[in-house]
Amino acid sequence: MIYDYGIVGGGIVGLATAMRLLEARPGCSLVLLEKEDRLAAHQTGHNSGVVHAGIYYAPGSLKAELCRKGAQVMKDFCAANDIALDVCGKLVVATDPVELQRMEALQERAHANSIPVQRLDGAALHEREPNIRGLGALLVPSTGIVDYKAVCRAMAADITKAGGEIRLSTRITAIRESGADVSISSSGKNWTVRKLVVCAGLQSDRLAKLAGLKIDHRIVPFRGEYYRLRPEKSGIVRHLIYPVPDPDLPFLGIHLTRMIDGSVTVGPNAVIGMAREGYPRLSTNLPDILDYALFPGFWKTVLANRSSALAEMRSSLSKQNYLQQCRKYCPSLELDDFRACEAGIRAQAVKRDGTLVHDFLFAETDRMLHVCNAPSPAATSSIPIADMIVEKLLA
């Protein structure tokens, strides 16, 4: 059998793409292949569950556009599928005069991205959040929280209902493109598709090279380590609490995140991962380390960001250091409030010149489209990303 479409990757971007393809081409044949024994096993299932508004992203960037569209589409999808969603809002808190200046720039960026925000002084912040201290804050009322695994289950149900096939425990070993189709192999099994979309996240560069594409980047795994507050502290905040980000640093800083299950997480930091898919502490995979250690762009980006890398490492090694960062805006927290929580791993594309790829990155051939970089807010933006991919495939 020759399928009309093949999708590799059972995270939220792959599932959204399959769902939208079947909506755009009713009756088409489609197979989705996932190497794990479950969907949403990696980035989708290990993220913070935030439906982002998009205030941080450069106006006019693809990331800003897709996030703004995606936030509303995701909320609509959750409503249509009875998925629990809490639009609790986010507070970006400034704790010193430098952060207040940065907050003004962030407010201007929010307006440029057409995202409503409200500026609060210290007293108004304390009234909204009695346990939070700061000189001021930006309230982003449209930010929400959700369980993206539940979203993926709903997408998978739509796919199978529309006639698509989902094959789990299917690790891809070969991809060969011809003039007429693409052949995909896995442990003695073969599929032939007319067009292939690869949404492989942490393995995206490897599958691109497996398919014969010439790419100028590598995936470097950034490990985000979290703590979960003890249950008695779950009511410590009503909103999500974020620090004002340093524009010279690639990550947003340690924040308090309400989860849809009622708990509150603290984090993440961002340290180089020793394994692309190793979530327990001290997980190590030598081939993964060699992949980035032998890539010149990795060392260039480490050198360019060495001060922030050292700071993140200190947070990783010292719970006390982690606590001090949180106490800048939540002084009542104590070490005993922190409980163990599973880490997340972010797939970060790094170019040969050491540049971190902050926007979406695609590689295309006549019959293949590879999603090479899908940074946060990829979960929020997953359905508009899928629409963009479908438009490319059907053009």
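Lys392 is partly exposed, at 34% relative accessibility (buried means under 20% relative accessible area, exposed over 50%, partly exposed in between, with a 1.4 Å probe and protein chains only). Lys392 belongs to helix H11, residues 382–394 (helices, H or I with at least four residues, and strands, E with at least two, are DSSP runs numbered from the N terminus). The model is predicted: local features need pLDDT of at least 70, side-chain atom pairs count only at pLDDT 80 or more, and totals for chains, interfaces and linings use all residues. Residues are numbered from 1 along each chain as its sequence is written, and side-chain values use heavy atoms, with hydrogens and water left out.

**Lysines over rings**

- Lys392 sits over the face of Phe362, 5.8 Å from the ring centre (a charge sits over a ring if NZ of Lys or CZ of Arg is within 6 Å of the ring centre and within 35 degrees of the ring normal).
- Lys90 lies over the face of Tyr242, at 4.4 Å from the ring centre.
- Tyr242 also belongs to an aromatic cluster with Tyr56 and Tyr57.

**Aromatic pairs**

- The structure holds 7 aromatic pairs (rings of Phe, Tyr and Trp, the last by its six-membered ring, pair if their centres lie within 6.5 Å; planes under 30 degrees apart count as stacked, over 60 as edge-to-face and the rest as tilted).
- Tyr227 and Phe338 form a stacked pair, with 5.0 Å centre to centre and 25 degrees between the planes.
- This pair links distant parts of the chain: Tyr227 is in strand E14 (residues 227–229), Phe338 is in strand E19 (residues 338–340), and they are 111 residues apart.
- Tyr227 is buried at 16% relative accessible area, and Phe338 is buried at 3%.
- Phe298 and Trp299 make an edge-to-face pair, because their planes stand at 75 degrees with ring centres 4.8 Å apart.
- Phe298 is buried, at 5% relative accessibility.

**Salt bridges**

- The whole structure has 24 salt bridges (a side-chain nitrogen of Lys or Arg within 4 Å of a carboxyl oxygen of Asp or Glu).
- Arg276 and Asp205 meet at 2.7 Å, N to O.
- That pair links distant parts of the chain: Arg276 is in the loop between E18 and H7, Asp205 is in helix H6 (residues 204–210), and 71 residues separate them.
- Arg276 and Asp205 are both buried.
- A network of salt bridges links Asp205, Arg206, Arg276, Asp288 and Asp291.
- Asp337 and Lys233 form a salt bridge at 3.8 Å, N to O.
- Asp337 lies in the loop between helix H10 (319–327) and E19, and Lys233 in the loop between E14 and strand E15 (240–243), so the pair ties together parts that are 104 residues apart in sequence.
- Asp337 is buried at 2% relative accessibility, and Lys233 is buried at 18%.
- Glu36 and Lys35 form a salt bridge at 2.6 Å, N to O, and both residues are buried.

**Sheets and hairpin**

- An open sheet of 3 strands runs in the order E18-E13-E20, with antiparallel pairing (two strands pair if DSSP finds at least two bridges between them).
- Strands E18 (271–272) and E20 (344–351) are at the edges, each with a single partner strand, so one side of each has no neighbour in the sheet.
- Strand E13 (residues 217–224) and E18 are joined by 2 bridges, and Arg223 has Val271 in E18 as its bridge partner.
- Another open sheet has 3 strands in the order E3-E8-E4, paired antiparallel.
- Its edges are strand E3 (50–51) and strand E4 (85–86), each with a single partner strand, so one side of each is left without a neighbour in the sheet.
- E3 pairs with strand E8 (residues 144–146) over 2 bridges in the antiparallel sense, where Val51 stands opposite Gly144.
- Strands E10 (residues 174–177) and E11 (residues 182–186) pair antiparallel over 4 bridges.
- E10 and E11 form a hairpin with 4 residues between them, and Glu177 stands opposite Val182 in E11.

**Nonpolar surface**

- Leu286, Leu290 and Leu294 make a nonpolar surface patch of about 330 Å² (patches are made of residues with over 30% relative accessible area and no salt bridge; like charges are joined within 9 Å, nonpolar side chains, namely Val, Leu, Ile, Met, Phe, Trp and Tyr, within 5 Å).
- Accessible areas come from the Shrake-Rupley method with a 1.4 Å probe, and for residues only the protein chains shown count as cover.
- Leu286 lies in helix H7, residues 286–293, and is exposed at 56% relative accessibility.
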